[in-house]
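Hi everyone, thanks for coming. Please take a look at the sequence and the structure on the screen, and I'll walk you through a few parts of the fold.

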Amino acid sequence: MSHSVLLVIPARYASTRLPGKPLVKIAGKEMIRRVAEIAASICRHNDDCRYVVATDDTRITDFCASAGIPAVMTSESCRSGTERCWDAVRQCEQAPDFIINLQGDNPLCPPWVIQQLIDAWRNCAGDVFTPCIHLDWAEYDRLVESKKTTPYSGTTVLTDKDGYALAFSKNTIPAIRKPEKARAALAKSPVRRHVGLYAYTYEALKTYFELPESEYEMGCVEGLEQMRFLYNGMRVKMVEVDYRGRKTTSGVDSPEDVARVEAILAEYGEYEL
């Protein structure tokens, strides 16, 4: 039995630090076009799979129309990419079974990571599917060092024996009480860094907006919206991934980020899509 997949690319035109950022060119190509090309490549390799850009600005829909990219207008009142994703899903004539929220400001999202989420959904039970990286000791050391200057950048996750999330935190979890003994006993650190790419079953995404918020979502506490799922007893399957030796970045929010992405593309080349 075929199950449909929809990749939604939320793309907001307004940005304080990078106005009109979906249409900003990166190495000669508009950012939204780059993300759409990644989504299109996933659709070519999966049956019953499609993608759509979800925006609130006609400048983006006009560009998408000229570039042959499917797009839909969503409400200006959407407060997050998740809300914009759901707004787009509700406009579908037939509800998709699986929805991937592929942020429009992430032109370096590895296509194989998206594919691993789809494969996990096809083979595992769960409500939400999201990637993580099991850090080796060198990666763990870099995370700890970065948190000395930006303590709330980077999210870590604890998992159970089957790879389902137990908790997310802006702190580094689990705590390593005896580092020397841990390094001697474990080939890798016990820390997994969460990668902010989300995929949901239709029912999970629909239910998200019906669930009560948890105190862990508050900006003065963890500020992590995914904790709403765990708080309300839903299953979040963590999918372990890696970047296959490439550098990446979480998103593009400034001219400096544009330069960083261009440098990565110059060093590693374009993805094979």
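Let's start with a strand. In β1, Val5, Leu7, Ile9 and Ala11 point one way, while Leu6, Val8 and Pro10 point the other way, and all of them are buried. "Buried" here means under 20% relative accessible area, "exposed" means over 50%, and "partly exposed" is in between, using a 1.4 Å probe and protein chains only. In a regular strand the side chains alternate between the two faces of the sheet. Strand β1 covers residues 5-11, and seven of its seven residues are buried. As for the names, helices (H or I, at least four residues) and strands (E, at least two) are DSSP runs, numbered from the N terminus.

Before I go on, a word about where this comes from. This is a predicted model, where local features need pLDDT of at least 70 and side-chain atom pairs count only at pLDDT 80 or more, while totals for chains, interfaces and linings use all residues. Residues are numbered from 1 along each chain as its sequence is written, and side-chain values use heavy atoms, with hydrogens and water left out.

Which strands sit beside β1? One is β4, residues 49-55, which pairs with β1 in the parallel sense over seven bridges. Two strands count as a pair if DSSP finds at least two bridges between them. If you want a spot to look for, Leu6 has Arg50 as its bridge partner in β4. Another is β6, residues 98-101, which runs parallel to β1 and is joined to it by four bridges. There, Val5 has Phe98 in β6 as its bridge partner.

Now to a helix. Helix α1 takes in residues 31-44, so to speak 14 residues, and reaches 20 Å from its first C-alpha to its last, close to the 20 Å expected at 1.5 Å a residue. That expected span is 1.5 Å times one less than the number of residues. Is α1 mostly covered or mostly open? Mostly covered, with eleven of its 14 residues buried. Among them are Met31, Ile32, Val35 and Ile38. An α-helix has 3.6 residues a turn, so residues three or four places apart point the same way.

Asp48 has a phi near 50°, a positive value in a residue other than glycine. With a relative accessible area of 44%, Asp48 is partly exposed. Ala27 also has a phi near 50°, again positive in a residue other than glycine. You'll find Ala27 in the loop between β2 (25-26) and β3 (29-30), and Ala27 is partly exposed at 47% relative accessible area.

Next, a pocket. What lines the second largest pocket? The residues are Ser41, Ile42, His45, Pro111, Trp112, Gln115, Arg246, Tyr271, Glu272 and Leu273. A pocket is found on a 1 Å grid over the protein atoms alone, as an open set of points with protein on both sides within 12 Å along at least five of seven lines, and lining residues have an atom within 4 Å of a point. Helices α1 and α4 (111-123) each supply at least two residues of this lining, and the largest share, three residues, comes from α4. The space inside is about 160 Å³; grid points are joined across faces, edges and corners, and the volume is the space filled by probe spheres set on the points.

Strand β8, residues 156-159, runs antiparallel to β9, and four bridges join them. Thr156 has Ser169 as its bridge partner in β9. Five residues lie between the two strands of the hairpin, and in the turn Gly163 has a positive phi of about 85°. In the loop between β9 (165-169) and α6 (179-185) you'll find Pro174, and a cis peptide bond joins Ile173 and Pro174, with omega about 0°.

Finally, let's zoom out. The protein chain has nine helices and twelve strands. Its radius of gyration is 19 Å, close to the 19 Å that the globule rule gives for 273 residues, so the chain is as compact as a globular protein of that length. That radius is taken over C-alpha atoms, and the rule is 2.2 Å times the number of residues to the power 0.38. Of the 273 residues, 51% count as buried.

Conventions: 1 Å grid on protein atoms, 1.4 Å probe; cavity = no way out; pocket = protein on both sides within 12 Å on 5 of 7 lines; lining within 4 Å.
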